[in-house]
Amino acid sequence: QVQLVESGGGLVQAGGSLRLSCAASGRTFSLYPTGWFLQAPGKEREFVAAVSWSGGSTYYADSVKGRFTISRDNAKNTLYLQMYSLKPEDTAVYYCAADRMGFGSRLTSDYDYWGQGTQVTVSS
């Protein structure tokens with residue numbers, strides 16, 4: 001069994017910062033947490049950021065470039081999202097996703113496992 005557990009969400013004022021973590025546990029062989037997505041109520045899940053597990057190549061949604069940084073700790077099977085200069089429009093549930101190839105992707109369909117999500121709320 002593979003579990004992905006997100007943490008670090010919360011309520012912050014606009015301009016504030018948060019650091020999200022995604023810890024992978026269980027049978028994680030050939031499964032790599034590589035992506036962050038967000039979802040608002042009644043809307044589809046949207047891409048935020050991704051990183052390849054071995055090479056470290058990164059990908060970001062245009063809306064977060066320069067504000068968010070994705071990183072990973074391979075030894076701990078943990079994925080991070082450092083968020084700066086948060087805006088009210090960043091408010092959503094943030095999900096960690098793992099894929100079998102470890103390449104990372106902008107597409108939800110390329111991922112095989114998802115965490116339960118962590119709420120991020122940014123007040124104005």
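Q: Where does Asp-112 lie relative to β9 and β10?
A: In this predicted model, Asp-112 lies in the loop between β9 and β10, with β10 covering 113–114.

Q: Why is Asp-112 called partly exposed?
A: Its relative accessible area is 34%. Buried would need a value under 20% and exposed one over 50%, so Asp-112, at 34%, counts as partly exposed.

Q: What is Asp-112 in contact with, leaving aside its neighbours within four places in sequence?
A: Asp-112 is in contact with Leu-31, Ala-98, Asp-99 and Arg-100. Take Leu-31: it is 81 residues from Asp-112 along the chain, yet their C-alpha atoms are separated by 8.3 Å.

Q: What makes Cys-22 and Cys-96 a disulfide?
A: Their sulfur atoms are 1.9 Å apart. The cut-off is 2.5 Å, so the pair formed by Cys-22 and Cys-96 qualifies. By this rule the count comes to 1 disulfide.

Q: Which parts of the chain does the pair Cys-22 and Cys-96 tie together?
A: Cys-22 sits in strand β3 (residues 18–26) and Cys-96 in strand β9 (residues 92–99), so the pair links parts that are 74 residues apart in sequence.

Q: What is the handedness of the link between Cys-22 and Cys-96?
A: The link is left-handed, with -70 degrees about the S-S bond.

Q: Are Cys-22 and Cys-96 buried or exposed?
A: Buried means under 20% relative accessible area. Cys-22 comes out at 0%, so it is buried. Cys-96 also has 0%, so it is buried too.

Q: How do you know whether Thr-34 is buried or exposed?
A: Check its relative accessible area: the value is 0%. The limit for buried is under 20%, so Thr-34 is buried. Its place is in strand β4 (residues 32–39).

Q: What does Thr-34 contact, leaving aside its neighbours within four places in sequence?
A: The list for Thr-34 includes Ala-49, Ala-50, Val-51, Trp-53, Ile-70 and Leu-79. Also among them are Ala-97, Ala-98, Asp-99 and Tyr-111.

Q: Which residues is Leu-4 in contact with, leaving aside its neighbours within four places in sequence?
A: Among them are both disulfide partners, Cys-22 and Cys-96. The contacts of Leu-4 also include Pro-33, Tyr-113, Trp-114 and Gln-116. As for spacing, Leu-4 and Thr-28 are 24 residues apart in sequence and 9.7 Å apart in space, C-alpha to C-alpha.

Q: Why is Ser-7 called partly exposed?
A: Ser-7 shows 36% relative accessibility. Ser-7 has its place in strand β1, and it touches Arg-19, Leu-20, Ser-21 and Thr-118, not counting residues up to four places away in sequence.

Q: What is noted about the phi of Asn-77?
A: Asn-77 has a positive phi of about 50 degrees although it is not a glycine. Asn-77 lies in the loop between β7 (68–73) and β8 (78–83). With a relative accessible area of 26%, Asn-77 is partly exposed.

Q: Where is the place of Ser-85?
A: Ser-85 is in the loop between β8 and β9. Here too phi is positive, about 50 degrees, although Ser-85 is not a glycine. Ser-85 has a relative accessible area of 41%, which makes it partly exposed.

Q: How many helices and strands does the protein chain have?
A: The chain comes to 0 helices and 11 strands.

Q: Why is the chain called as compact as a globular protein of that length?
A: Its radius of gyration is 13 Å, close to the 14 Å that the globule rule gives for 124 residues, so the chain is as compact as a globular protein of that length. Along its principal axes the C-alpha trace spans about 40 × 25 × 25 Å.

Q: What share of the chain's residues count as buried?
A: Of the 124 residues, 44% count as buried. The chain exposes about 6500 Å², and carbon and sulfur atoms supply 47% of that.

How values were computed: Residues are numbered from 1 along each chain as its sequence is written. This is a predicted model: local features need pLDDT of at least 70, side-chain atom pairs count only at pLDDT 80 or more; totals for chains, interfaces and linings use all residues. Side-chain values use heavy atoms; hydrogens and water are left out. Helices (H or I, at least four residues) and strands (E, at least two) are DSSP runs, numbered from the N terminus. The radius of gyration is taken over C-alpha atoms; the globule rule is 2.2 Å times the number of residues to the power 0.38. Buried means under 20% relative accessible area, exposed over 50%, partly exposed in between (1.4 Å probe, protein chains only). Accessible areas come from the Shrake-Rupley method with a 1.4 Å probe; for residues, only the protein chains shown count as cover. Contact means heavy atoms within 4.5 Å.
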